[in-house]
Amino acid sequence: MTLDATPLPWRSAALTEEQRSGFFSHLTNAIAGLRANYASFTIAQPEDQLKAPVGNVVQAAGVAADLNITYRTEVRIDGIAGRPDLGIESDQLPVGSVELKAPGLGADPRRFRDKHSRDQWTRFQAIPNLIYTDGTQWSLFRSGVLARSRVDLKVDLLDPTGVQADEESMTALLDLLLDFLDWAPTVPSSPKALAQALAPVTRLLRNEVLADVEANGILRKLMGEWQTTLFPDVDEAGFADGYAQTFTYALLLARLEGATSPLSAESAASELDADHALLAQSLRVLGQPAVRTAIALPAGLLERLIDAVDATRLGKHKDPWLYFYEDFLAAYDPVQRNNRGVYYTPIELVRYMVGATDRALRDHLGRVDGFGDPSVVTLDPAAGTGTFPLAALELAVANATHWGGPGFAAEVATQVAKNLYAFEFLVGPYAVTHLRLSRAVAEAGGSPPAKGVNVLLTDTLTEGVSSDAGATIPIFEQRLVEEQIRASVVKSAATPVTVVIGNPPYDRDTTGSGAAARRKGGMVRYGATPGSTGLLSTFLDRLDTTTRAQQSLQLYNDFVYFWRWGIWKATEQHLGNSIVCFVTASSYLTGPAFGGLRATLREQFTHIWITDLGGDSRAAARGDENVFEGIRTPVAVALCVRREDRVGQDPEIRFRSLRGSRASKFETLASLDEEWTLLPAAPDPLAPLTPDSGTEYATWTPITDVFPWTARGIQFSRSWPVAETAELARKRWDMLVAAPKAERLALLKKSRDADPVREYGSFNTPGLRLPAIANLTPGAEPDGVRRIGFRAFDEQWCVADARVIDMPRPALWLTADEEQVFFTTVDAETTEGPALIAHRAVPDLNGTNNRGGIVLPKRRGAKGANVNPELVKRLSEVYGSPVTPDEIIAYVFALTGTAAFAERLREDIAHDGVRIPFTEDEALFRRAAVAGDVLLRGLTGGTRKLLAGGSSPTLPAVARATAPIQPAGAAFPAEFSYQSSTETVKSQGVV
């Protein structure tokens, strides 16, 4: 079956002989003209000579079919290699693009070997209608897929006396060009299909914007305006991303709101003016004529694609926009989806949280109409696509209809819309929330507020702007500033909020606090004004000195920032009854670093309900699924109620834990049959928000109380810096620095904390500044090549250089020496193997069992042993003789360094983490310490010890292969067997 077997609206056979002959004559003349040109000139860029002739040939095909075809030569800018050579339009609508290659290179980009062409093809696969040609061969691609058989005119453009193209090949080219010119966007059949269709073209737009900004093009100025009026901390990549998503989603919203064909940025802006003013003005700013020339191809394609959207057809799907942005971002940029935590809350969980909050409003705060009460003001500070605000509106309308009849629906919808606020930082979900909430209000018969629904594009955590901020800016930017002023009013004490509800993002903040660092965390971390104290200090100040020094980094996370902001907004900015209901990572329930958060919850709220939903990826094998698909972090819902008449009393805290399948958890949440455990009043406000397990294990000492300094292992976020040998690691580094600068930037892709254009401090030589990777000359030395504890019992080598490691953990490297031991364990549970693994070298983040865990170093460098001095003192008192820190470590390792401990206590570890029982029997303690020392010596080849004296166990001889492991080129063995009597491993070979 051939690729061009599908009937087309027309083929060359449907044309008249005169029409075909006209095209053949034009093509023949074009070939002759090209041969003459190539014979007469020395061409630096031979594909440049193809532009006008190929453009004219495409026009000639259009003339043959009575089409009004025009072409434009794309403007090339130094540093930008992302634009095809020709843009083709039919009746002023974009049809597709043509990429030209030097004669003789062919027209199959999948076979090109040079990096420039391969990278170019990677970008161009987003174009839905694209021709590649070298003047002789012609290929038509649709979104990266070959659409029909390649055409070869079988002529040599570099031979002035060569043969002419035959009629068969010219006819085939005419068919291909007519197919190309007949392209029209496919009408998506579902919201998911639409998301997947828009994503690659939006990505193409993003890449062109970024390239223009980096080349100091016209968009660099627009980026400055964006920083002034919307997001002052945005960088180049963030601006390009925001531009692309704003352009796409503003067009889409206008189309769904009824904008007529042909759709353009200007017509879309006019449609949005009434109810979506910010998006309307943003679209005008982004679509200025001078700007449009830099992004003509992707902008025109997006206008045509979105113009084809059938809003009525898509509306037949139940809640079509619920997961639209998640589907879009998964196709557009899955890394960004993960980094920004764009995994939207399952509707079953939303309904539970909104329903529980509604009951709390009625039963505990006396708001008999719940969310429908005129005095209830609700805010979702991280709204995503608006699922929580929408659910609150729908529940209020449903309750009003149930108790008062359908006639109350419109009034309640209007009232709730007035009191319902949603903040969102990302333009895509912001636009979707605008659409969903506006339509829901209208469908209930209600009216939105005068300025439209209260969905505001803002960074929740940043301080507000003054009401006169827009007085001195150009008129076209004023709507952008007005949006920030509206958000600032909501953030201020002028807007008391009754309910703060939602699903805040989860993203660790690893930025520094210097002037050059992005102010992630806003007023929560840095304070509302320069020099002021951030709200986060409330959590930090409650921690003891040791915990704060060693654990507080865990507080620098978006979900903690939102917890602090939500508590402040609901209970501290003004007095009154209020509720905060969040679903977040559950680590705050028990983690030592979160003691201040727990204390604040106990002090500010009078009733707390905790639903621990589990979902740790390590427990999935035992049937405990996360309620969020694709999420590995366990989560919990907290419903926190503040009643002013009860403030100052011990809060009532109720807890329940749900384990099992995702479906079973949703079923339990939907049931009104709720079983809670009432927690006893805690004498320590920093105590966990969970009940004791009820076993003796819960009384043992947490391992983090034994080792006060804990850390995370290093995280590369790329695989190549880790190698089996030092020589291989060095070879890979040499390949990186030997590459040309442009290729080097592609080889070392920028990640969150490793940027090839930035300088970094050395963790091997404190005080030394390392020049940017982009500026190195071939042969430049790496900062170091050192061993790492890559996995359990698996040491490898790495390029130990801060410029290629996302999270290098400098403190660990600075304490690494010939005596140091880095123990690793998982946070809450282990599935198999020892609870503690010993490493001689700095361990990888996944150094325990290929899962993220914590590092417990033996020593703290010059500060001495990493053992709680109070524990040393207490054991010495109990035994009546001195106990050393190293003896305690040896004792701990004797218990936890083999699989027996974890196998016997797995369920306890899952509930309470790794805990250590300290015996009152001194002789037993000493014997166990000796055993732990022997175990450590054996596992480290005698290179590490904990106790003075003693000897390392005799180690068996090295393994010898008595038969080949596998023939050269064979697949890796899948099955192994072990004979203990001969200590032999058998597979395809024998060891």
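**Note on helix packing, cores and local backbone features**

1. The axes of α7 and α8 approach within 9 Å and cross at roughly 60 degrees. That angle makes α7 oblique to α8. The crossing in which α7 passes α8 is left-handed. On the α7 side the contact is made by Phe247, Ala250, Leu251, Leu253 and Ala254, and on the α8 side by Ala265, Ala268, Glu271 and Leu272. Sorted by class, the contact of α7 with α8 has eight nonpolar residues, no polar ones and one charged residue. The model is predicted, and this applies to every point in this note.

2. The loop between α7 and α8 holds proline 262. The peptide bond leading from serine 261 to proline 262 is cis, with omega near -10 degrees. Most peptide bonds are trans.

3. Is histidine 276 buried or exposed? Histidine 276 has a relative accessible area of 2% and is therefore buried, the limit being under 20%. Leaving aside neighbours within four places in sequence, histidine 276 is in contact with Leu253, Glu257, His434 and Ser438. One of these, Leu253, also belongs to the α7 side of the contact with α8.

4. The largest nonpolar core contains 123 residues, and Leu219, Phe239, Tyr243 and Leu349 have the most contacts inside it. Helix α7 (residues 236–256) supplies the largest share of this core, with twelve residues. Apart from this core lies another, of 48 residues, including Leu535, Tyr588, Leu597 and Ala636.

5. Which residues does leucine 219 touch, not counting those up to four places away in sequence? They are Val209, Asp212, Val213, Phe239, Tyr243, Val291, Ala294 and Ile295. Phe239 and Tyr243 are, like Leu219, among the residues with the most contacts inside the largest core.

6. α16 passes α17 in a right-handed crossing. Here Leu393, Ala396, Val397, Ala400 and Thr401 of α16 meet Ala409, Val412, Ala413 and Val416 of α17. By class, the residues of this contact are eight nonpolar, one polar and no charged.

7. Glutamate 394 is also in α16 (residues 387–404). Its relative accessibility is 47%, so glutamate 394 counts as partly exposed. The C-alpha atoms of glutamate 394 and glycine 372 are 9.8 Å apart, with the two residues 22 apart in sequence.

8. Most residues other than glycine have a negative phi. Aspartate 66, which is not a glycine, has a positive phi of about 60 degrees. Aspartate 66 sits in the loop between α2 (51–64) and β1 (69–73), and it counts as exposed because its relative accessibility is 64%.

9. Phenylalanine 793 likewise has a positive phi, near 60 degrees, in a residue other than glycine. Phenylalanine 793 is placed in the loop between β21 (785–791) and β22 (794–799). With a relative accessible area of 58%, phenylalanine 793 is exposed.

10. For the chain as a whole, there are 34 helices and 28 strands. Of the 991 residues in the protein chain, 54% are buried. Among contacts between residues at least 6 apart in sequence, 70% join residues at least 24 apart.

Key
Residues numbered from 1 in each chain as written. Predicted model: local features only at pLDDT ≥ 70, side-chain atom pairs only at ≥ 80, totals over all residues. Heavy atoms only, no water. Buried < 20%, exposed > 50% of the residue type's maximum accessible area, 1.4 Å probe, protein only. Contact = heavy atoms within 4.5 Å. Core = buried A, V, L, I, M, F, W, Y, C linked by side-chain atoms within 4.5 Å. Helix = DSSP H or I, 4+ residues; strand = E, 2+ residues; numbered from the N terminus. Axes fitted to C-alpha atoms, helices over the stretch in contact; angles between N-to-C directions. Parallel < 35°, antiparallel > 145°, perpendicular 65-115°, else oblique. Left-handed = near helix turned anticlockwise from the far one by under 90°. Nonpolar A, V, L, I, M, F, W, Y, C, P; charged D, E, K, R; others polar.
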